[in-house]
Amino acid sequence: MAKSQQTYSKSEREKKRLKKREEKQKKKEARKAEAKESGKSGIQFAYVDYNGNLTDTPPDPSQKMAVEAESITLGIPKKEDIEEEEFDPVRNGKVSFFDTSKGFGFIIDTETQEKHFCHVSGLIDEIAENDKVSFELEKGMKGMNAVRVKKI
């Protein structure tokens with residue numbers, strides 16, 4: 001059975017790896033020795049100040065505030081408690097471009113002036129350019145698409 005050849009690069013990598021390991025061991029021993037000399041092993045007690053930062057000094061008891069346990073809400077409030085705005089999904093707009101041969105076009109929203117893509121599959125009535133329409137928005141592959149498009 002043949003002996004594997006030890007190349008120069010392999011031996012250099014092995015030397016570097018061993019050197020790193022030795023340096024790491026030396027640093028570890030130096031940290032242990034420093035901790036023994038100083039006699040401190042870090043902060044014995046950590047306090048939280050009024051801004052939420054950790055400190056080694058206790059907070060001033062005169063600034064202490066009393067909080068009732070019942071006033072603390074855990075979790076998410078129920079949906080009934082949250083007041084939601086009535087959102088009308090039907091929007092109004094004007095057809096800026098529509099190609100009947102290709103079956104697509106664009107509608108400009110009158111409120112936001114945004115352009116929305118419109119496909120012939122999302123039409124209820126037949127439309128042409130400069131028609132005023134009402135539509136709903138639906139998430140498409142490349143953005144919001146106008147669907148359920150009707151002439152006004």
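Me: Which residue of β5 stands opposite G105?
Reply: That is C118. A quick note on what you are looking at: this is a predicted model, where local features need pLDDT of at least 70 and side-chain atom pairs count only at pLDDT 80 or more, while totals for chains, interfaces and linings use all residues. Residues are numbered from 1 along each chain as its sequence is written, and side-chain values use heavy atoms, with hydrogens and water left out.

Me: What makes β4 and β5 strands that pair?
Reply: Strands are DSSP runs of E with at least two residues, numbered from the N terminus (helices are runs of H or I with at least four). β4 covers residues 104-109 and β5 covers residues 115-119. Two strands pair if DSSP finds at least two bridges between them. β4 and β5 have 5 bridges, in the antiparallel sense, so they meet that rule. They also form a hairpin with 5 residues between them, and Q113 in the turn has a positive phi of about 60°.

Me: How do you know that β5 and β7 pair too?
Reply: They share 2 bridges, in the parallel sense, and at least two are needed. In β7, the bridge partner of C118 is A146.

Me: What makes the set with V95 and F98 a nonpolar core?
Reply: A nonpolar core is a set of buried Ala, Val, Leu, Ile, Met, Phe, Trp, Tyr and Cys residues joined through side-chain atoms within 4.5 Å. The largest one here has 10 residues: V95, F98, I107, C118, L123, I127, V133, F135, A146 and V149. The elements that give it two or more residues are β3, β6 (132-140) and β7 (143-151). In soluble globular proteins, nonpolar side chains tend to be buried together.

Me: How do you know that F135 touches I107 and A146?
Reply: A contact means heavy atoms within 4.5 Å. Leaving out residues up to four places away in sequence, F135 touches a list of residues including I107, A146 and V149.

Me: Which residues of β5 are on the covered face, and which on the uncovered one?
Reply: H116 and C118 form the covered face, while K115, F117 and H119 form the uncovered one. In a regular strand the side chains alternate between the two faces of the sheet.

Notes: Buried means under 20% relative accessible area, exposed over 50%, partly exposed in between (1.4 Å probe, protein chains only).
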